[in-house]
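Please walk me through this protein chain, from single side chains up to the overall fold.

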Amino acid sequence: VQLQASGGGLVQAGGSLRLSCTASGSIFSVGNMAWYRQAPGKQRELVATVTSGHSTNYKDSVKGRFTISRDNAKNTVYLQMNSLRPEDTAVYYCNADVRGSPLATIIYYWGQGTQVTVSS
């Protein structure tokens with residue numbers, strides 16, 4: 001199973017970006033999907049999560065600015081980021097818990113990370 005993330009880039013403060021992450025490979029089901037981020041010199045932190053039933057949760061500092069969503073048919077999770085701030089600058093990683101067959105153990109996979117840079 002692989003998670004392929006895309007959509008990062010350089011944007012001015014106040015701008016928008018949309019990240020995408022698709023899971024592919026031997027997949028029976030995908031459970032929770034999430035976006036994390038890691039800024040230089042800081043620990044990786046949880047940004048947003050979405051369940052297979054589309055329930056969402058957000059880090060307080062991104063509430064009202066970021067929207068996480070998913071397309072279950074495509075095993076894809078999105079992160080729409082609006083009103084970006086310089087402090088949102090980080091490498092963004094997607095994460096998903098995947099079951100490869102009906103009786104298989106759930107395994108947590110990470111995408112390769114995509115850089116988001118917000119200039120002031």
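A charge is said to sit over a ring if NZ of Lys or CZ of Arg is within 6 Å of the ring centre and within 35 degrees of the ring normal. The model shown here is predicted, and it contains cases of this arrangement. The charged end of Arg 44 lies over the ring of Trp 110, at 4.6 Å from the ring centre. Arg 18 has its charged end over the ring of Tyr 78, with 4.1 Å to the centre.

With β4, residues 29-38, the pairing is antiparallel and runs over eight bridges; within it, Ser 29 has Arg 99 in β9 as its bridge partner. With β11, residues 114-119, β9 pairs over three bridges, again in the antiparallel sense, and Ala 90 stands opposite Val 116 of β11.

How enclosed is strand β9 by the rest of the structure? Eight of its ten residues, in the stretch 90-99, are buried, so the strand is largely enclosed by the rest of the structure.

Ser 20 belongs to strand β3, which spans residues 17-24. Its relative accessible area is 18%. Buried means under 20%, so Ser 20 counts as buried. Apart from neighbours within four places in sequence, Ser 20 is in contact with Gln 4, Ala 5, Ser 6, Trp 35, Val 77 and Tyr 78. Tyr 78 is the residue whose ring lies under the charged end of Arg 18.

Now take the chain as a whole. It has eleven strands and zero helices. Its radius of gyration is 14 Å, close to the 14 Å that the globule rule gives for 120 residues, so the chain is as compact as a globular protein of that length. Along the principal axes, the C-alpha atoms fill a box of roughly 50 × 25 × 20 Å.

Of the 120 residues, 37% are buried. Among contacts between residues at least 6 apart in sequence, 54% join residues at least 24 apart. The accessible surface comes to about 6300 Å², and carbon and sulfur atoms account for 48% of that surface.

Notes:
Residues numbered from 1 in each chain as written. Predicted model: local features only at pLDDT ≥ 70, side-chain atom pairs only at ≥ 80, totals over all residues. Heavy atoms only, no water. Buried < 20%, exposed > 50% of the residue type's maximum accessible area, 1.4 Å probe, protein only. Helix = DSSP H or I, 4+ residues; strand = E, 2+ residues; numbered from the N terminus. Pairing = 2+ DSSP bridges. Contact = heavy atoms within 4.5 Å. Rg over C-alpha atoms; globule rule 2.2 N^0.38 Å. Areas by Shrake-Rupley, 256 points an atom, 1.4 Å probe, with all protein chains shown as cover.
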